[in-house]
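Here are a few notes to read alongside the structure. Keep the viewer open and look up each spot as you go.

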Amino acid sequence: MEYSVKAGIFDLDGVITKTARQHAKAWKRMFDEYNEEREDSGKEPFKSFSIEEDYPKYVDGIPRYDGVREFLRSRNIDLPKGSPDDDPHRETICGLGNRKNRLLLEIIKDEGVEVFRKNINQIKQWKADGLRIAVISSSKNCRQILQSTGLEDMFEARVDGVVSQERNIKGKPEPDIFLEAAKELGVSPEEAMIVEDAIAGTQAGKKGNFKLVTGIINGATKEELLQNGADIAVNSLEEVNLKIKNLRSPAALPSAVKNIEQLKSRFKEHKPLFFLDFDGTLAPIVTHHQDAAMDPEMKNIVEKLASEYKIAVISGRGLSDVKKRVGLENIYYAGSHGFEISGPGNFSKDNEEAKKILPVFEKTEPVLKERLKHIQGVEFERKKFTLAIHYRQAAGSAEEEVHRITEEVLAKHKQLKIGEGKKVIEIRPNLEWDKGKAVEILKMKIGNSETAAYSVYIGDDVTDEDAFETLENGLGILVGDHGKETYADFRLKDVEEVKEFLSKLL
Ligand SMILES: O=P(O)(O)OC[C@H]1O[C@H](O[C@H]2O[C@H](CO)[C@@H](O)[C@H](O)[C@H]2O)[C@H](O)[C@@H](O)[C@@H]1O
């Protein structure tokens with residue numbers, strides 16, 4: 001399974017460095033020393049700290065003083081908190097925490113810090129492929145450990161025990177430390193993977209709704225990690241198949257035609273669902289939007305493709321319009337940029353929220369027509385859920401005015417928003433909805449309830465970027481160049497190359 005993410009947030013101990021073992025050793029030395037002192041002073045009999053049981057349960061992955069408190073609580077020992085400046089021999093939570101830290105630094109000084117080389121090499125490779133990366137740790141020694149291993153400059157962001165204290169960030173199993181790192185990288189949790197070896201960490205990842213919680217089997221078992229929020233549990237990061245979502249210039253994309261053999265063998269392994277845009281992909285862009293058509297050869301190819309693969313045409317055009325232009329019965333369609341969907345067996349799904357906004361179009365359309373009527377060449381195209389204002393035939397000098405007037409009118413109608421296309425302004429309901437959402441719905445429907453079904457999306461316009469960006473487990477192919485950076489993986493020159501590419505799959 002391939003996971004599509006923009007960023008990775010990596011725990012330090014147990015993922016990057018082998019310091020988890022050294023932390024465990026320091027905790028044991030400290031608690032055993034302290035428990036002996038308690039026995040000597042006539043308190044409860046000595047019972048040693050268990051690295052196998054106590055370490056993962058009470059202290060692994062959580063802030064130092066919280067770890068002291070949790071373990072002591074498990075033994076019914078209640079100590080005052082004290083202060084972070086407490087001497088390591090003061091009998092307070094902070095005193096014992098400071099004692100553990102002194103022991104840890106001694107151990108690290110004696111033994112040095114070992115690293116998980118395979119994980120580091122994989123992270124470096126992902127970084128080179130465009131993954132944004134951050135390191136997190138509950139430890140206040142994180143920076144020092146990274147420095148000692150020469151890894152300090154590798155990460156774009158670091159949120160550790162020191163930063164957490166300064167910013168008052170809650171420790172794991174709360175997700176806050178990961179959320180802070182995501183914020184520093186400028187990504188949302190839904191766009192990021194977290195990697196953790198500790199149960200408190202996988203629980204935090206789950207609570208934070210991260211796209212992918214990867215557990216590293218290193219102490220906690222595979223079952224424990226999976227039961228505590230990990231989506232996958234692996235021995236090393238080499239086992240994780242990431243697709244890194246990053247923007248590239250269309251010109252930098254490899255050609256889908258030139259790489260056809262590689263793609264064909266990929267499609268043999270995972271039979272894809274095909275999502276095809278209409279204008280600019282199946283039909284060439286023409287001056288008048290009413291004249292756009294697939295040529296008979298393209299129609300024939302798509303028809304044959306539909307007999308081998310499941311297909312959906314995803315268009316900015318109205319549903320009835322695009323259906324008529326494609327003219328194939330046995331395939332799925334999404335029109336009005338995904339607000340209306342239909343398919344074989346009377347399958348039909350309109351966006352219910354968007355339906356409520358339709359009366360606003362009735363008010364806005366006449367105002368726009370009136371305000372834009374003096375600009376020659378402007379054409380309106382009303383679809384069920386969207387309104388296009390075409391300016392392909394207007395003078396270049398008028399484009400700015402068309403945009404300005406449309407923005408002025410729309411400023412009074414917050415339920416609508418403006419999108420861009422090729423020489424067209426697309427007015428649509430101001431909802432979190434786009435072609436990407438339509439693809440998700442169709443994947444559930446035609447991929448037999450598998451959101452993970454392997455998919456190929458081919459499109460030419462900026463509106464197709466919504467689908468490229470959200471595409472899970474599959475690949476995006478950009479046709480031509482829409483003048484912006486793209487989330488697509490491959491490119492095809494034009495509609496003719498789309499034809500060539502699709503026919504080579506038959
Ligand atoms: O999502 P698509 O299927 O690519 O549809 C996007 C828009 O395509 C049409 O407009 C574009 O193609 C016209 C015909 O070639 C061209 O004249 C216009 O300038 C392009 O913007 C269609 O008319 C729109 O409704 C679609 O949203």
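Is Asn-473 buried or exposed?

1. Keep in mind that this is a predicted model. Asn-473 has 20 C-beta neighbours inside 10 Å, so it counts as buried, since the cut-off for that is 20 or more. You'll find Asn-473 in the loop between helix 17 (465–470) and strand 19 (474–479).

2. Now check the backbone there. Most residues other than glycine have a negative phi. Asn-473 isn't a glycine, yet its phi is positive, about 50°.

3. Asn-209 is another non-glycine with a positive phi, about 60°. Asn-209 sits in the loop between helix 9 (199–207) and strand 6 (212–216). Because Asn-209 has 12 C-beta neighbours inside 10 Å, it counts as exposed.

4. Most peptide bonds are trans. Take a look at the bond joining Lys-172 and Pro-173, though: that one is cis, with omega about 15°. Pro-173 belongs to the loop between helix 7 (161–167) and helix 8 (176–185).

5. Eight strands make an open sheet with mixed pairing, in the order 13-12-11-10-9-18-19-20. At the edges are strand 13 (347–350) and strand 20 (490–492), each pairing on one side only. From one strand to the next, the twist averages 15°.

6. Zoom in on strand 9 (residues 273–277) and strand 10 (residues 310–314): they run parallel and are joined by five bridges.

7. Finally, find helix 13 (residues 319–326). Helix 13 lies across strand 10, strand 11 (332–335) and strand 12 (340–343), and runs at about 135° to strand 11.

Key. Residues numbered from 1 in each chain as written. Predicted model: local features only at pLDDT ≥ 70, side-chain atom pairs only at ≥ 80, totals over all residues. Helix = DSSP H or I, 4+ residues; strand = E, 2+ residues; numbered from the N terminus. Pairing = 2+ DSSP bridges. Axes fitted to C-alpha atoms, helices over the stretch in contact; angles between N-to-C directions. Contact = placed C-beta atoms within 7 Å.
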